[in-house]
Amino acid sequence: MDLTIVWAFLIAFAVAAYVVMDGFDLGIGILFPAFRVGKERDQAMNAIAPVWDGNETWLVLGGGGLMAAFPLAYAIILPALYAPLIAMLLGLVFRGVAFEFRWRDAAHRPWWDAAFCIGSMVATFAQGITLGALLQGITIEGRAYAGGWWEWLSPFSLLTGASLLVGYALLGAAWLIWKTEGEIQQDARRMAKWLLPALIAALAMVSLATPFLEAQYYQRWFEIPGLFVTIPMPLLVGVASFALWRSLKRDRDAHPFLWALSLFLLSMAGLAISMWPDVIPGRVTIWQAAAPHSSQAFMLVGASILIPIILGYTAWAYWVFRGKVGEGYH
Amino acid sequence: MTDADTALLLARIQFAFTISFHFIFPSFSIGLASYLAVLEGLWLKTGKAVYLALFRYWLKIFAIAFGMGVVSGIVMSYQFGTNWSVFSDRAGPIIGPLMAYEVLTAFFLEAGFLGVMLFGMEKVGKGLHFVATLMVAIGTFISAFWILSVNSWMQTPTGWAINAQGQFVPGGSWLNIIFNPSFPYRLIHTVTAAYLTTALVVGAVGAWHLLKRRRAGMVAPTDGSQNAPSSDEAVRKMFSMAMWMAALVAPVQIFVGDLHGLNTLEHQPAKVMAMEGHFESYPNGAPLILIGMPDSKAEKTHVLLEIPKASSLILKHDPDAPLEGLKSFPREDRPPAEIIFWSFRIMVGLGFLMLGLGLWSLIARVRRRLYDWPSLHRFALIMGPAGFVAVIAGWITAEVGRQPWVIYNLLRTRHAIAPIAVPAVATSLAAFVIVYFIVFGIGTIYILKLMARGPEIGEPQLARAPIRSAGITPGPSVGRRGADPRPDQSEGAD
């Protein structure tokens with residue numbers, strides 16, 4: 001068995017877990033100013049307060065796991081995306097501390113609410129840019145990044161950044177529909193109805209632009225056998241979008257989130273199809289970037305025991321805080 | 001200075017700055033998580049409201065400190081790649097898996113149970129809640145285990161081989177890598193430091209409230225309602241627990257520190273010689289330079305105060321043992337003595353002050369004046385931040401002392417850096433400095449405000465019965481420990 005492939009899937013899993021889990025709590029941060037000061041904002045915060053830390057841990061696993069399993073990729077991608085990654089980290093600092101700080105200091109709560117929102121937006125936008133920059137290609141010489149420190153900046157990377165803002169916001173709204181009731185739930189539903197068409201438009205633009213970035217993507221998507229995936233993909237996205245729309249119309253609680261999730265999973269599957277088997281598209285394959293077998297094997301022992309346990313107690317923590325949230329602190 | 005030198009310097013300052021800030025939080029939360037577990041355990045065992053009050057009080061402070069530790073820690077996990085990409089590429093196959101294990105065994109454990117620990121008492125019941133607290137505490141320790149294994153491997157690399165791409169790869173058993181020669185000492189020394197740091201903070205908060213209440217008592221001696229008994233008891237309890245910790249752990253720490261130093265001398269002699277300020281070699285026993293000013297350029301230390309033969313006595317446990325000074329190492333392999341000579345002295349000096357505090361508290365206990373000795377309380381208050389200062393000073397000694405290597409004797413720091421242009425690093429460094437001082441400065445103010453408020457009686461439904469002062473008469477209460485939930489005031493009465 002090729003452990004490199006196993007690790008490629010595991011890293012992809014960590015990234016996917018991160019995107020869907022931190023996606024909804026970043027999304028609530030993005031939408032935060034749209035909620036009324038007081039009860040609504042407190043409820044929105046309480047819907048994620050017990051879980052955000054665990055959600056963000058997947059980001060650390062994605063980064064740490066990439067370094068461990070594909071050190072060359074880690075060593076090239078991170079310097080290439082220096083500015084957006086530093087911005088992301090600083091954004092996460094602001095929003096992370098806001099969870100506690102806003103309760104500690106009522107006089108400055110508007111400031112921490114702003115920090116929560118702007119931090120979430122910056123982090124999300126930076127993650128979207130990271131994705132776009134990775135897709136459009138990175139300049140490499142030898143075993144190192146060889147581009148300038150603005151190479152990541154392009155219309156395409158700004159588009160992916162903006163798309164992710166819309167996407168996370170939709171996830172956040174859908175999470176609130178699930179976890180809250182009353183006025184805030186109505187508000188979240190209203191927002192979701194705006195965000196869904198925006199996301200579909202964004203997905204369409206990114207999907208149309210991607211094949212023209214690299215010959216590899218074009219071949220993947222518009223030549224046989226890729227065409228067999230290309231044709232059903234928009235169809236599946238359409239079905240998920242329609243189901244999401246209908247669940248919003250019918251005032252369902254949990255369904256919108258699950259359908260929004262499926263939209264994300266479809267997008268990520270599309271990305272994987274574009275990139276496979278590269279870790280840096282068009283430049284470095286997963287095998288070129290892979291750590292030696294002994295490193296991968298050593299980690300796999302731990303990962304195969306620990307990840308199921310982690311998923312178990314993460315599920316338990318979500319279960320403990322199931323149901324609709326109130327507005328009080330802790 | 002060339003551009004490359006400037007970029008290197010800025011990247012090093014950025015790493016030093018972000019890790020020093022980050023290190024403050026875990027060195028507090030490792031100890032505090034264990035303290036919380038002890039408090040909750042004691043509450044479950046004895047049912048005394050005072051433990052619950054203390055648990056809730058410190059839990060609020062823990063939540064803020066832990067949050068700041070998390071966000072500053074995420075920064076660290078990415079900075080290896082953003083600024084030290086050559087290091088990541090070359091050492092990734094070895095340190096990457098260790099850090100991945102840290103995430104899998106520690107971070108998820110902490111994060112998964114933190115929500116329940118902070119918000120879940122009413123939802124899961126006491127037993128499971130205690131389990132959650134224990135898991136968080138264990139998680140902080142496991143995290144220290146892995147990250148210190150990584151750090152120790154960079155100090156004393158073992159079990160490696162080099163592959164065709166120039167990467168350090170596992171060269172045999174992973175146990176050789178994880179349990180590299182300096183790891184056991186560093187782990188015990190660092191975790192003990194974390195416990196001591198927390199004890200000093202808890203002790204200082206207790207001391208501050210003892211002093212405050214004493215002053216309030218002097219102003220209005222008959223106002224019994226000022227000092228609700230249970231909150232008084234909580235203050236005394238935390239001060240007493242912290243002083244026990246200081247008295248027991250400070251001597252252990254000095255002993256462990258000595259062992260760690262001997263281990264360092266064996267594996268990184270240049271570091272120890274720089275710590276001691278020894279440029280010359282001493283064939284017949286080296287003096288201990290207590291106060292001096294090392295000068296790397298002139299290759300000598302201007303000595304103000306020294307004790308003959310004491311350096312050899314401490315390092316070799318033999319006053320006449322020879323020591324090879326820094327001059328016996330090539331210039332380009334020497335760490336900067338100016339920095340670590342002093343950082344080491346600050347750490348050791350504070351360590352002995354901690355020992356002094358612990359001993360004083362024992363004397364106070366014997367004389368039954370633990371809660372009634374203002375100068376002891378003032379000393380404990382001043383020593384509140386001493387743990388943090390010592391931890392940072394010790395960390396500087398270890399890391400600056402590792403220079404000019406990032407992986408000792410194998411990879412130089414200046415060969416490990418990422419290809420980031422000067423303006424990019426300068427901007428990010430400025431951003432980190434501004435954001436960290438604002439965010440963590442404000443967080444510290446919030447923590448200090450919580451500390452100033454003092455512990456209060458727990459939620460009404462959780463206390464056994466409303467606890468009141470013993471009527472209008474202040475002073476010694478008749479309650480004894482155990483049978484009565486009222487506080488034991490007999491020791492503190494004057």
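Pro277(A) is situated in the loop that runs between helix 12 (255–275) and strand 3 (278–280) of chain A, where helices (H or I, at least four residues) and strands (E, at least two) are DSSP runs numbered from the N terminus. The peptide bond leading from Trp276(A) into Pro277(A) is cis, with omega near 0 degrees. The model is a predicted one, in which local features need pLDDT of at least 70 and side-chain atom pairs count only at pLDDT 80 or more, whereas totals for chains, interfaces and linings use all residues. Residues are numbered from 1 along each chain as its sequence is written, chains are lettered from A and ligands numbered from 1 in the order in which they are written, and side-chain values use heavy atoms, with hydrogens and water left out.

Chain B also contains a cis peptide bond, from Gln403(B) to Pro404(B), with omega near 5 degrees; Pro404(B) belongs to the loop between helix 13 (386–400) and strand 5 (405–407) of chain B. A further backbone feature of chain B concerns Lys309(B), a residue other than glycine whose phi is positive, near 65 degrees, and which is placed in the loop between strand 4 and helix 10 (310–316).

The contact between the chains, with contact meaning heavy atoms within 4.5 Å, draws 71 residues from chain B and 58 residues from chain A. Together the two chains bury about 5900 Å², of which 79% is on carbon and sulfur atoms; buried area is the accessible area (1.4 Å probe) that two parts lose on being put together, summed over both. Within chain B, the residues that lose the most area to chain A are Tyr78(B), Phe108(B) and Phe119(B), which together account for 14% of what that side buries.

Polar interactions across this interface comprise 15 residue pairs in polar contact, both residues being at pLDDT 80 or more; such a contact is a pair of N or O atoms within 3.5 Å, where within protein one must be able to donate a hydrogen and the other to accept it, and residues adjacent in sequence count only if both atoms are side-chain atoms. Elements of chain B that each supply at least two residues to the side touching chain A include helix 2 (49–83), helix 3 (85–119) and helix 14 (422–453), and the largest share, 26 residues, comes from helix 3. By class, that side of chain B has 50 nonpolar, 18 polar and 3 charged residues, with Ala, Val, Leu, Ile, Met, Phe, Trp, Tyr, Cys and Pro counted as nonpolar, Asp, Glu, Lys and Arg as charged, and the others, Gly among them, as polar.

Asp89(B) is paired in a salt bridge with Arg143(A), their closest N and O atoms lying 2.9 Å apart. Within chain A, Arg36(A) forms a salt bridge with Asp187(A) at a closest N and O separation of 3.0 Å. This pair links distant parts of the chain, 151 residues apart, since Arg36(A) is in the loop between helix 1 (3–31) and helix 2 (39–46) and Asp187(A) is in helix 8 (residues 183–209).

Glu456(B) is located in the segment after helix 14 of chain B, and its C-alpha atom is separated by 8.0 Å from that of Leu54(B), 402 residues apart along the chain. Apart from its neighbours within four places in sequence, Glu456(B) is in contact with Ala53(B) and Ser231(B).

Terms used. Salt bridge = Lys/Arg side-chain N within 4 Å of Asp/Glu carboxyl O.
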